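Please open the model in a viewer and keep the selection panel at hand.

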Amino acid sequence: MLEGLFVTPAVTAIEEALASAKVTGPIAVIGNGRLARALAGTHAVVAIGLLPRAAKKHAGPTGVLAELAPGSLGAVIGVDASDGSLPEWTRVVRYGGAIITVDSGARSGAANASRRALCGGLTELEQRHAGRLVITSGLVTHL
């Protein structure tokens, strides 16, 4: 979804969300090579689930989410998240880290993105808009 759009507004909103959550340590970007490359300039980025062609362009490490240790990341950034993906993302993010989702506002809407984040157990939700994209961020609390 993000491949055909301008990446800069989304990156700006994601950078604001990372700063607001005071994220430290490595972050994972799931399924979007352009976003991973854009964020790699300011963060240690592990790209997850890239197609082989996109993985060649990413200078940093790539991997598989299931192979990451629990609590090993400061944040996970995913494009077009589903309800089933949030528990696995939460597993690899340390306590107080952030999960940030990037959704097409026309497809899912801000209310649906908030519902998904709340049902996924995230706290201190924030939403930002970048054109038609909705960037939803929340903090991970392991209870």
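Select Glu 126 and Arg 128: their side chains meet in a salt bridge at 2.8 Å, N to O. The term salt bridge denotes a side-chain nitrogen of Lys or Arg within 4 Å of a carboxyl oxygen of Asp or Glu. Glu 126 is partly exposed, its relative accessible area being 29%; buried stands for under 20% relative accessible area, exposed for over 50%, and partly exposed for values in between (1.4 Å probe, protein chains only).

The model is predicted: local features need pLDDT of at least 70 and side-chain atom pairs count only at pLDDT 80 or more, whereas totals for chains, interfaces and linings use all residues. Residues are numbered from 1 along each chain as its sequence is written, and side-chain values use heavy atoms, with hydrogens and water left out.

Because Arg 128 belongs to strand β6 (residues 122-130) and Glu 16 to helix α1 (residues 8-20), the pair ties together parts 112 residues apart in sequence. Helices (H or I, at least four residues) and strands (E, at least two) are DSSP runs, numbered from the N terminus. Arg 128 is buried, with a relative accessible area of 15%, while Glu 16 is partly exposed at 42%. Through shared partners, salt bridges join Glu 16, Glu 126 and Arg 128 into one network.

Which residue meets Arg 116 in a salt bridge? Select Asp 103: the two side chains meet at 2.7 Å, N to O. Arg 116 lies in helix α5 (residues 109-119) and Asp 103 in strand β5 (residues 93-104), 13 residues apart. Both residues are buried. The whole structure contains four salt bridges.

Next, turn to the nonpolar side chains. A nonpolar core is a set of buried Ala, Val, Leu, Ile, Met, Phe, Trp, Tyr and Cys residues joined through side-chain atoms within 4.5 Å. The largest such core has 26 residues; Ile 14, Leu 18, Ile 27, Leu 35, Leu 39, Ile 77 and Ile 135 touch the most other members. Helix α1 gives the most to this core, with six residues.

Centre the view on Leu 39. Leaving aside residues up to four places away in sequence, its contacts (heavy atoms within 4.5 Å) include Val 11, Ile 14, Glu 15, Ile 27 and Ile 77.

Finally, select Ala 28, Trp 89, Val 92 and Ile 99, which are among the members of a second, separate core of 17 residues.
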